[in-house]
Amino acid sequence: MRFLVSILMSVFLSSTAMASTLVAPPSENEGSSGGGGNRFLMLFSSGNDEEEAVEEDEDDPRSFTMPAVVAPLAQNGRLTGFAYVLVRLRVAPGHDVWRVQENTHYALDLMTRSAFRTDLSTEDGQALNRETAVEVWAGALAEYYGADAIESVEIRSFDVRLFSR
């Protein structure tokens, strides 16, 4: 009797599993919260040159994005908030990409310390000054990895969290 029940249950479960695989894919206008749209298809069909350049950079084996760097924002010497910055590095040819990635935590520490030593905020203390930040962080990375180890430093995005006044 147990054998017969187990066979019936396995047939029922396999037919249920088969039916769940035959469900229609999500529609194109479904958002990311409505069940995983095809990100690759969306980027491929967008035709936007900036997104294509970002996709090419992400495929570059000599580039990687570091964990978020925290930079204080200030106006007239008073702390106004923090910027959480995603920085993408491209390692110069002739240097070991894996060594650079393995020691990212040390470089991240140097970048954070340099952000606290040098004011990286705009005049009003409401945002990050991208040019100054890239210059300061490129110097910190050159100090740690060597002057010619990092080919480029790029700020991908940043999130600003200001204190309420």
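1. Surface. The accessible surface of the protein comes to about 11300 Å². Carbon and sulfur atoms hold 57% of that area. Accessible areas follow the Shrake-Rupley method with a 1.4 Å probe, and for residues only the protein chains shown count as cover. The model is predicted: local features need pLDDT of at least 70, side-chain atom pairs count only at pLDDT 80 or more, and totals for chains, interfaces and linings use all residues. Residues are numbered from 1 along each chain as its sequence is written, and side-chain values use heavy atoms, with hydrogens and water left out.

2. Layout. The protein has six helices and four strands. Along the sequence the pattern reads α-α-α-β-β-β-α-α-α-β. Helices (H or I, at least four residues) and strands (E, at least two) are DSSP runs, numbered from the N terminus.

3. Burial and contacts. Of the 165 residues in the protein, 27% are buried. Buried means under 20% relative accessible area, exposed over 50%, and partly exposed in between (1.4 Å probe, protein chains only). Take the contacts between residues at least 6 apart in sequence: 69% join residues at least 24 apart. A contact means heavy atoms within 4.5 Å.

4. Core. The largest nonpolar core has 29 residues. Such a core is a set of buried Ala, Val, Leu, Ile, Met, Phe, Trp, Tyr and Cys residues joined through side-chain atoms within 4.5 Å. Those with the most contacts inside this core are V87, L89, M111, L120, L128, W137 and L141. β2, β3, α4, α5, α6 and β4 each supply at least two of its residues. The largest share, six residues, comes from α6.

5. Helix α6, length and ends. This helix has 16 residues, 130–145. At 1.5 Å a residue it should span 22 Å, and its end C-alpha atoms are 22 Å apart, which agrees. The expected span is 1.5 Å times one less than the number of residues. N129 caps the N-terminal end: a side-chain oxygen lies 3.3 Å from the backbone nitrogen of E131. Just after α6, G146 takes a positive phi of about 115°.

6. Which residues of α6 are buried? They are A133, V136, W137, A140, L141 and Y145. They cover an arc of only 150° around the axis, which puts them on the same side of α6. The arc is that of the directions from the helix axis to the C-beta atoms. An α-helix has 3.6 residues a turn, so residues three or four places apart point the same way. The cover over the buried residues includes β2 (69–75), β3 (78–91), α4 (97–102), α5 (104–117) and β4 (150–162). The face turned away from the buried side carries the exposed residues E131, E135 and E143.

7. L141. This residue sits in helix α6. L141 is buried, with a relative accessible area of 1%. Leaving out residues up to four places away in sequence, L141 touches L89, A107, M111, G146, I150 and V153. L141 and T104 are 37 residues apart in sequence, yet 9.8 Å apart in space, C-alpha to C-alpha.

8. Two loop residues. D60 lies in the loop between α3 (49–59) and β1 (63–65). D60 is buried, at 17% relative accessible area. Its side chain makes a polar contact of 3.0 Å with the side chain of S63. Another, of 2.7 Å, joins the side chains of D60 and R90. A polar contact is a pair of N or O atoms within 3.5 Å; within protein, one must be able to donate a hydrogen and the other to accept it, and residues adjacent in sequence count only if both atoms are side-chain atoms. N76 is found in the loop between β2 and β3. N76 is exposed, at 75%, and its phi is near 50°, a positive value in a residue other than glycine.
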